[in-house]
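Subject: Structure for you to look at

Hello,

Here is the structure I said I would pass on.

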Amino acid sequence: MPETVVSIDIGSSSMKAAAIGLSGQLLARARRRLPTGDASRAAADWPGCLKALLQDLSDQDGTLDVAALCISGNGPTLVGGDDAATLLWNAPVAGDGNSASLFIPRIVEFKRRHPDSWQKSRSIYSGPEYLIHELTGADLTILPEERYATAYWTAEALLDAGFTEEEARKLPPFAKPGSKAGCTKDRIAPIVGSGVPVYCGAPDFISALVGTNCLEPGQLCDRAGSSEGINFCSDVPLEGTGIRTLPSVVPGLWNASVLLPESGSRFSRFKEQVEQDFGSTLTYEELVFMCIHNPSQEAIIDQGKYLMLQTAMQVRDSLKVLLSLAAEKNQMIPDRMTVTGGQAANDEWNQMKSNVTGMAILVPECSDAELLGDAVFAFTGMGLFPTVQEGAKALHSIAKCFEPEAF
C-alpha cells in the first residue's frame, strides 16, 4: 500500500491540496483560486477546482499513487445537495453568535434564502461534506467530537427552532473525523481513479489545530488567514468576554480562541490599493519588506507598516486575555506559539510578531496546517496511528523559530 495521502482544504478564496507522506513530508502541494462570482452557488465550482488541483499534484509527483483522500473546509458553510446552493460561513445571519448552535441560525437562513434548494434537496451538507458526497455519494456530517453536538444540532433543538421531523432528516447523520466516508468515483477524481478511500477531515480550524499539534494543555496556535484566530489548548474550559471556548477534538480537552476578524483581509485590500497606486503587481514578500523598510519613502507604505503593527498588537492583547484566564485556572503558560496560514510564510512578519508579543514564533514545515491535519486524520483512520494525538506528534515538525528581539 502506498503511504501517501492527498489532503484537500476548501478555503474562503482558494482550495488547497497536498500529497503528504507517512512521516509528514510534503511530496507535492498546489493551490487554486476559487471564482469570485455568484457566492450563492460557490460550491458548484468546488468539484472542478478539485480536478484541477489533483492534476497539478500529479504533474509534480508523477503517478500520484495515493492510499486515500481526506477533506476539510470552512464552516459553518451550508450547501444544497440538489443544486449546490450555498450559504458561506461568513454570510451575515440574524441570530448568529447568540445561539448555542453555530449551525441552526444558518440553517434557518439557508431555508429562507434558498427555498427551492431546501425543498428539492434530499440532504443539506456542510462545506467539506458536500465535496465528500460528490466524490463518494456518502451522506454525512463531520462532528469533531461528541461534545460538539449542541454547537451543531440536536433533534430537540431543531424542533424548537421550528423545523419538522422530515426537515430535520435533511441534515445527514454525524461521523467522526478520520472515519471512512466511502471511495472515489472516476467522474470526480479521474487522476486518482475510482475505489480510493476518502476519509473525513474536520472543519478547517480543527484540522489546523491537529496540524500544528495544538492538542495538549498549554499549546498555542495563531491561525492567520483572511481572519485570525489565537487558540489555546487547556484541560478546563476558559470563559471570558470575547473568548469562544469549544471542545478540542481530543476528549477531555478544550480550545479557547480569540478571533481577529479580517486581519488578513485588511492587508489584502491594502495590497490591492498599493498595486493600483504603483501600477504593478507585488508579492506579499515584496510588500511586507517595503512596509517594514519603506525603501520607496511613500506615505502609503507607512500605512502598511502601521497595519502590520496593529495586527501584531491585537495578537499581543488577545494573548494577554487568554493567558491571564489560563493562569487563573492553573494552566501551563507557554512562551512560544505556532503560526500557520499565509503569514507563516513571511519571515519578517513573523519576526515582527515575535517582537511585539514577546513570544517565540514557531513556523511548521507544513505552513498549511489544515492539510497536515487532514493527513493525520486519514492515517489514523487507516490504522497507522492509534490516536489523532499520536499522529499529530509524528507528522508535525518545526521549520523555523523566531525569538523576540529588542526594538
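This is a predicted model: local features need pLDDT of at least 70, side-chain atom pairs count only at pLDDT 80 or more; totals for chains, interfaces and linings use all residues.

The protein chain contains 14 helices and 18 strands. Its radius of gyration is 21 Å, close to the 22 Å that the globule rule gives for 407 residues, so the chain is as compact as a globular protein of that length. Along the principal axes, the C-alpha atoms fill a box of roughly 60 × 50 × 45 Å. Of the 407 residues, 56% are buried. Accessible surface amounts to about 17,100 Å², and carbon and sulfur atoms hold 50% of that. Among contacts with a separation of 6 or more, 66% are between residues 24 or more positions apart.

Now the sheet. Seven strands make up an open, mixed sheet, in the order S14-S15-S13-S12-S16-S17-S18. Strand S14 (244-247) and strand S18 (398-402) are the edges, each pairing on one side only. On average, neighbouring strands are turned by 25° against each other, direction ignored.

Within this sheet, S13 (residues 228-234) and S15 (residues 254-260) are antiparallel and share seven bridges. Ile230, for example, has Val258 in S15 as its bridge partner.

Helix H12 (residues 347-357) lies across S12, S13, S16 (336-341), S17 (360-364) and S18, and runs at about 150° to S17.

Regards

Methods
Residues are numbered from 1 along each chain as its sequence is written. Side-chain values use heavy atoms; hydrogens and water are left out. Two strands pair if DSSP finds at least two bridges between them. Helices (H or I, at least four residues) and strands (E, at least two) are DSSP runs, numbered from the N terminus. Axes are lines fitted to C-alpha atoms, for helices over the stretch in contact, and angles run from 0 to 180 degrees between N-to-C directions. Contact means heavy atoms within 4.5 Å. The radius of gyration is taken over C-alpha atoms; the globule rule is 2.2 Å times the number of residues to the power 0.38. Buried means under 20% relative accessible area, exposed over 50%, partly exposed in between (1.4 Å probe, protein chains only). Accessible areas come from the Shrake-Rupley method with a 1.4 Å probe; for residues, only the protein chains shown count as cover.
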